[in-house]
Amino acid sequence: MSNGLRRVLAVTAVVSLGLGAASCGSAKQSTGGGTSGGASGSASAVGAVRIGLLLPETKTTRYEQFDRPLIEQKIKELAPDAQIDYYNANQDATLQQTQVDTALTKGDKVLILDAVDSKAIQSSVQKAHDAGVKVLAYDRLAQGPADAYVSFDNHKVGELQGQALVAAVGDKAGSGQIFMINGSPTDPNAADFKAGAHSAIDGKLKVGKEYDTPQWDPNTANQEAAAAITAIGAGNVVGAYSANDGMAAGVATALKAAGISGVPLTGQDAQLDAIQRILINTQTMTIYKPFKPETDAAGQMAVALASGKPLDSTLVPVTVTNGSGNKVPANLLTPIVVVKDNIKDTVVKDGLYTVAQICTPDYAAACQAAGLQ
């Protein structure tokens, strides 16, 4: 690992400690439950309340594999009689608006909402508010009068990605250009990732081509990367920024097709295939956002909101302002940089993946070299 990338990891560790304290301990717990705050004590008062869980899509593996089951588990732990109505919008903003209407018709009293399009969903958030239904913006900050928000410090995510890319490119920075594959223009998190990345990259690396990728689509990312390589010239590409791991898969495929190897590539979400790419040096890093602290906080907030009591500062230690100007109580958790050297101490230690899941036969030699086997 380069000295520069070691410094990025060191900064990440310091940031983790600081943000963990700001989040009142929830970010420190990668596998255990977070602080209960006012939620667990109110479980008996909540009773058989209906909670709607509205997730945005299935192209990113995290939502069905981690977010949904962990949120449902936490709610049931705190309020065993709660009924959970689940909806997935499959990246369709109009469908998600219809799903909110369905949730209100069914009698859901709290909505955990991960918006497909933060602006388009504003009227639905307003409709829920007018009906006396609480809205918890989950992972993405929806516009409108949301009652609470839980996510990660998304500007910091992009900043850490950018710092890692700068460090990995190193002294090749002056000899070529990078290209940037940003996330969906309808996702407010994507704008934060992009801004954070630029704060670290600008003035240090030359950006030859840059794209905002609708729906975070890996196939589109592949096409964009191929176009960027053509425009810049394969011999002039010194690095690639991808805002998440799904798109990084498409970028990695484009780099390989162009005969480019050893070029730094970023990612986010700690997907299994990304961890494997990191082992074989076709991806440099990913951002690990421990799912358990975020899902636990969401479950705790939803149950607390269902109790009709104000959220206390252990659940929402900060306030953010959304795109429509509404001030929303929030809990922002800690992102972690994962590179080859700390796979064992992050995603394996936390139980996200087992060594057996990572080290399939195609990756056995790389795992052994990295000390995983």
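Hi everyone, let's begin with a helix. Helix 7, residues 188–201, lies across strand 6, strand 7 and strand 8, and runs at about 165 degrees to strand 6. Before I go further, please keep in mind that this is a predicted model.

So what are those strands doing? Together they make an open sheet of three strands, in the order 7-6-8, with parallel pairing. At the edges sit strand 7, covering 207–212, and strand 8, covering 237–242, and each of them pairs on one side only. From one strand to the next, the twist averages 10 degrees.

Let's look at one of those pairings. Strand 6, residues 177–182, is joined to strand 7 by five bridges, and the two run parallel. Asn 182 stands opposite Asp 212 in strand 7.

Helix 9, residues 245–257, lies across strand 6 and strand 8, at about 145 degrees to strand 6.

Now, the inside. Nonpolar side chains tend to be buried together in soluble globular proteins. Here the largest nonpolar core has 41 residues, and Phe 179, Ile 201, Leu 205 and Val 251 touch the most other members. Two or more residues come from each of helix 6 (154–169), strand 6, helix 7, helix 8 (218–232), strand 8 and helix 9.

Which residues does Ile 201 touch, not counting residues up to four places away in sequence? They are Gly 162, Leu 165, Val 166, Ile 178, Met 180 and Val 207.

Terms used:
Residues are numbered from 1 along each chain as its sequence is written. This is a predicted model: local features need pLDDT of at least 70, side-chain atom pairs count only at pLDDT 80 or more; totals for chains, interfaces and linings use all residues. Side-chain values use heavy atoms; hydrogens and water are left out. Two strands pair if DSSP finds at least two bridges between them. Helices (H or I, at least four residues) and strands (E, at least two) are DSSP runs, numbered from the N terminus. Axes are lines fitted to C-alpha atoms, for helices over the stretch in contact, and angles run from 0 to 180 degrees between N-to-C directions. Contact means heavy atoms within 4.5 Å. A nonpolar core is a set of buried Ala, Val, Leu, Ile, Met, Phe, Trp, Tyr and Cys residues joined through side-chain atoms within 4.5 Å. Buried means under 20% relative accessible area, exposed over 50%, partly exposed in between (1.4 Å probe, protein chains only).
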